[in-house]
Amino acid sequence: DEALRLVMQKPECVRLSVTNGDNAYGSEVVDYVLSAKAAVDADLVLLPMDSRNFASSDCRQLRARFKNEGYGGYCRYFEKRFQKYMYGFARKPVPVIGGVDIASVFIDRRKLSKDTIFFNEFSSEKKPSTCVGCQDGAWVYAMVRKHKWTTHIPPFSGLKHMVFHGPSPLWCIASGNVWFDHPDHVACVSHAAVGRLNATLFDLPAFHNRNSTRTCLRLSKEGFKYKDEQSTVLA
């Protein structure tokens with residue numbers, strides 16, 4: 001909030017973005033949010049986003065639905081999603097709790113200066129009804145529903161106009177790397193790193209199978225027994 005207050009005083013700033021070190025932005029994001037295409041009269045521009053959290057949540061639900069929660073359930077649903085949808089698990093944001101990550105939200109500076117709705121007002125400490133991790137959605141929801149802020153939510157139009165919460169599955173695969181679908185510690189690794197792994201712990205036969213897309217790696221049946229140990233975690 002203190003950083004927001006400082007930037008709000010700078011008239012040269014058109015839109016404000018709240019981010020941190022684990023987010024990456026498409027090469028044309030800044031140009032887009034400042035262009036007429038981004039509906040410059042909208043109070044909020046909400047860009048499509050990809051996140052490891054989306055992939056983990058969706059795959060967890062699919063494994064539970066099909067009662068396939070052992071090692072064989074990993075990569076299976078991940079690969080199917082990317083075969084079916086160009087953007088994989090990426091989502092268009094929705095201004096509700098659980099439907100938006102603040103990193104993909106670009107705020108009109110003048111509007112925020114006028115209404116002074118700050119992020120910290122929606123912390124779980126100040127609002128016990130706000131779940132931990134839901135502060136982003138609660139903030140944007142209040143802007144739109146309570147204060148009637150207008151939004152512009154563009155359709156998918158390529159990776160250059162997207163936001164990526166790292167490690168991002170879409171960014172990982174698009175850059176020619178491999179998604180490691182671990183129960184608790186997903187990661188993006190290079191093909192060279194995969195080649196150095198122990199076949200006892202990692203399912204290299206499935207990865208190198210002639211029908212494999214070679215975009216996702218999982219633990220082997222044996223490695224899954226040790227999923228909570230450091231030996232099965234890839235940084």
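These legends describe a set of close-up views of one predicted protein model.

The model is predicted: local features need pLDDT of at least 70, side-chain atom pairs count only at pLDDT 80 or more, and totals for chains, interfaces and linings use all residues. Residues are numbered from 1 along each chain as its sequence is written, and side-chain values use heavy atoms, with hydrogens and water left out.

**View 1. The whole protein chain.** The chain has 10 helices and 10 strands. Helices (H or I, at least four residues) and strands (E, at least two) are DSSP runs, numbered from the N terminus. Along the principal axes, the C-alpha atoms fill a box of roughly 60 × 40 × 30 Å. Of the 235 residues, 45% count as buried. Buried means under 20% relative accessible area, exposed over 50%, and partly exposed in between (1.4 Å probe, protein chains only). Contact means heavy atoms within 4.5 Å. Among contacts with a separation of 6 or more, 69% link residues 24 or more positions apart.

View 2. The accessible surface of the protein chain is about 12,600 Å². Carbon and sulfur atoms own 52% of that surface. Areas come from the Shrake-Rupley method with a 1.4 Å probe; for residues, only the protein chains shown count as cover. There are 32 positive and 24 negative side chains. The centres of the two sets lie 6 Å apart. Lys and Arg count as positive, Asp and Glu as negative; His and the chain ends are not counted. Each charge is placed at NZ of Lys, CZ of Arg, CG of Asp or CD of Glu.

**View 3. Strand S5 and its partners.** Two strands pair if DSSP finds at least two bridges between them. S1 and S5 pair in the antiparallel sense over three bridges. Here Arg15 stands opposite Asp108 in S5. S3 and S5 also pair in the antiparallel sense, over three bridges. Leu46 has Val105 as its bridge partner in S5. In a regular strand the side chains alternate between the two faces of the sheet. From S5, Val105 and Ile107 point one way, and Phe106 and Asp108 the other way. All four are buried.

**View 4. The largest nonpolar core.** A nonpolar core is a set of buried Ala, Val, Leu, Ile, Met, Phe, Trp, Tyr and Cys residues joined through side-chain atoms within 4.5 Å. The largest one holds 20 residues. Leu44, Val105, Ile107, Trp139 and Val140 touch the most other members. Helix H1 (2-8), strand S3 (44-46), strand S5 (105-108) and helix H6 (135-146) each supply at least two residues of this core. H6 gives the largest share, six residues. Leaving aside residues up to four places away in sequence, Val140 touches Leu44, Leu46, Pro95, Val100, Ile102 and Val105. A second, separate core has 18 residues, including Phe54, Tyr77, Ala90 and Cys172. In soluble globular proteins, nonpolar side chains tend to be buried together.

**View 5. Helix H4 and its cover.** H4 spans residues 76-84. Its buried residues are Tyr77, Phe78, Glu79 and Phe82. Their cover includes helix H3 (52-65), helix H7 (169-174), S8 and S10.

**View 6. The open sheet of S9, S8 and S10.** This open sheet has three strands in the order S9-S8-S10, with mixed pairing. Strand S9 (187-189) and strand S10 (216-217) are the edge strands, each pairing on one side only. Strand S8 (residues 178-180) pairs with S10 in the parallel sense over two bridges. Trp179 stands opposite Cys216 in S10.

**View 7. Backbone details in the loops.** The peptide bond from Gly166 to Pro167 is cis, with omega near -10 degrees. Pro167 sits in the loop between strand S7 (163-165) and H7. Thr116 has a positive phi, near 45 degrees, although this residue is not glycine. Thr116 belongs to the loop between helix H5 (109-115) and H6. Thr116 is partly exposed, with a relative accessible area of 38%. Lys148 is also a non-glycine residue with positive phi, near 65 degrees. Lys148 is found in the loop between H6 and strand S6 (151-152). Lys148 is exposed, at 61% relative accessible area.

**View 8. Glu12 and Arg109.** Glu12 lies in the loop between H1 and strand S1 (15-17). Glu12 is exposed, with a relative accessible area of 59%. Glu12 and Arg109 are 97 residues apart in sequence and 9.6 Å apart in space, C-alpha to C-alpha.
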